[in-house]
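Please read the following briefing alongside the sequence and the coordinates shown below.

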Amino acid sequence: MSKTESQALFPVFERTGSTPRQFKAGFMDRSGDVVVSATFDNARPFHCGLAPVKSGKAWGALDGSGKLAIPAIADVPMRVSEDRVVFTQNGKRGIMTTDGRIVVQPSYRILVEFQEGASWMSANDLYGFVGPD
């Protein structure tokens, strides 16, 4: 499934208890058919071919086929842009590829999505830009 097709999948939430906070998340296609069963604790929409999903207390990401492309290792939902993923572990941010290979270990206090090949960062009261590798 291509990145364009994967973006045609949308999070769907199934209530599992008596309150709105008790749910499981999966994904449906444009026709409303469930493509990925509601087994995740939370989910976000696809962006650049990946969708952040939460399992337990950690976030990973699915590819358009519904397979786990990045294992659940992040503290918060991952941000995908320009074929790079910004993730957070223990309050520090790092960079990985869309297949889960870490290229910059989590060491930044602030690291935003990539735009035109660079990401704005902050570490130890220093500010600047970092490249994708």
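In what order do the 4 strands of the open sheet follow one another, and is their pairing parallel or antiparallel? In this predicted model, the open sheet has the strand order S4-S5-S6-S7, and its pairing is antiparallel. Its edge strands are S4, covering residues 42–43, and S7, covering residues 68–74, each of which pairs on one side only.

**The open sheet**

- Strand S6, made of residues 58–62, runs antiparallel to S7, and the two are paired over 3 bridges.
- Within this pairing, Leu-62 has Leu-68 of S7 as its bridge partner.

**Surroundings of Val-53**

- Val-53 has a relative accessible area of 1%, and because buried means under 20%, Val-53 is classed as buried.
- Leaving aside residues up to four places away in sequence, Val-53 touches Phe-27, Phe-40, Asn-42, Ala-43, Ala-58, Trp-59, Gly-60, Ala-61, Leu-62 and Leu-68.
- Although Val-53 and Ala-72 are 19 residues apart along the chain, their C-alpha atoms are separated by 7.9 Å.

- Strand S9, residues 84–89, and strand S10, residues 92–97, are paired in the antiparallel sense over 6 bridges, and Val-86 finds its bridge partner in Ile-95 of S10.
- S9 and S10 form a hairpin with 2 residues between the strands, where Asn-90 adopts a positive phi near 50°.
- S10 is also joined by 3 bridges to strand S11, residues 102–108, and these two strands run antiparallel; here the bridge partner of Arg-93 is Tyr-108 in S11.
- The hairpin of S10 and S11 has 4 residues between its strands, and Gly-100 in the turn has a positive phi of about 95°.

- Trp-120, Tyr-127 and Phe-129 together make a nonpolar surface patch of about 390 Å².
- Tyr-127, one of these residues, lies in strand S14, which spans residues 126–130.
- Is Tyr-127 buried or exposed? Tyr-127 counts as exposed because its relative accessibility is 52%, and the cut-off for that class is over 50%.

Technical notes. Residues numbered from 1 in each chain as written. Predicted model: local features only at pLDDT ≥ 70, side-chain atom pairs only at ≥ 80, totals over all residues. Heavy atoms only, no water. Patch = residues over 30% accessible without salt bridge, like charges linked within 9 Å, V, L, I, M, F, W, Y side chains within 5 Å. Areas by Shrake-Rupley, 256 points an atom, 1.4 Å probe, with all protein chains shown as cover. Salt bridge = Lys/Arg side-chain N within 4 Å of Asp/Glu carboxyl O. Buried < 20%, exposed > 50% of the residue type's maximum accessible area, 1.4 Å probe, protein only. Contact = heavy atoms within 4.5 Å. Pairing = 2+ DSSP bridges.
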